[in-house]
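Me: Please take a close look at one part of this model, the aromatic pairing and the nonpolar packing around it. I would like one connected account.

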Amino acid sequence: LESKFSATYSNTHGFRFPSNGHVLYLQVGSEVKGPTCVFPSRSSGGDLLQSNEHHEKACATEGDNHQDNGDIKLVTVPAVSGRLLRFDGQDLHAVPRPHDLWMLPFVKGGAEYKPEEVWGRSVILFNVWPGEEDPPLNVSLDSNEGGEGEAHTNELCNAFSEWDEVDVVQNTQIEVPDTQESNQSVKVWLLGNERRRGYPMRTANLLSPAHGGRESLRKALSEKSLVTELLLRQQ
């Protein structure tokens, strides 16, 4: 597999990954707090808990070795209508619901879905794969029936030249209340079976950021627009 799918196969994890993943946010309700949380250079739940030395060796094997001091980098991207998020296809990502799920001891009741203008969250998810390799298993290539030169009179997307790139703000730049409780736990819920999680448990227990503790994480997850980078830590 490694020789056949050199651009997408991860020898470390035993899976193929797309070149890039995307989230296109369409309609976002007025009360929705549904950020997409991306863990750069971490491909599974088990990666969140690997020792620094082990993970750095794995990253070096995959051609990526920019983790520092074992901190777990987390980027929170709030759902904003019309926003397009693009990230490395190997990056672990999630949408906690409720938004502060990772800091709750338990969750009662069900999520709100209606009315849609208040609680709706409509997105399109798509991946990009390199053209020189076969598509994923049981996924056929687009037929491109519309043709490349066909004119469209009802364009619903602005020209790329009109797009605005959003800056990522370090959480150390955000004002949060002083706290001495930076060692509060953060319980990240994991999806998929054990092989996909790379870890036998369904949650990965980490520590909140040294700057601002849980409050800084809660603030980032509650943001309506600001994209924030935080550093979680291993216990």
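Reply: Two rings of Phe, Tyr or Trp form a pair if their centres lie within 6.5 Å, and planes under 30 degrees apart count as stacked, over 60 as edge-to-face and the rest as tilted. In this predicted model, there are 2 aromatic pairs. One of them joins Phe39 and Trp102: the ring centres are 6.0 Å apart and the planes stand at 35°, so this pair is tilted. Phe39 belongs to strand S4 (residues 36-39), while Trp102 sits in the loop between strand S7 (92-94) and helix H2 (116-119), so the pair ties together parts that are 63 residues apart in sequence.

Both partners are shielded. Phe39 has 1% relative accessibility and counts as buried; Trp102, at 3%, is buried too.

Leaving aside residues up to four places away in sequence, Phe39 touches Leu48, Ile72, Lys73, Leu74, Asp91, Leu92, Trp102, Val188 and Leu232. The largest nonpolar core has 19 residues, and Phe39 and Trp102 are among those with the most contacts inside it, together with Leu48, Leu74, Val188, Leu217 and Leu232. At least two residues of this core come from each of S4, strand S5 (72-77), strand S10 (185-189), strand S11 (203-207), helix H4 (213-222) and strand S12 (227-234). H4 gives the most, with 3 residues.

Arg16 lies over the face of Phe5, 3.8 Å from the ring centre, and Arg97 lies over the face of Tyr113 at 4.7 Å.

Definitions and conventions: Residues numbered from 1 in each chain as written. Predicted model: local features only at pLDDT ≥ 70, side-chain atom pairs only at ≥ 80, totals over all residues. Heavy atoms only, no water. Helix = DSSP H or I, 4+ residues; strand = E, 2+ residues; numbered from the N terminus. Buried < 20%, exposed > 50% of the residue type's maximum accessible area, 1.4 Å probe, protein only. Lys NZ or Arg CZ within 6 Å of the ring centre and 35° of its normal. Core = buried A, V, L, I, M, F, W, Y, C linked by side-chain atoms within 4.5 Å. Contact = heavy atoms within 4.5 Å.
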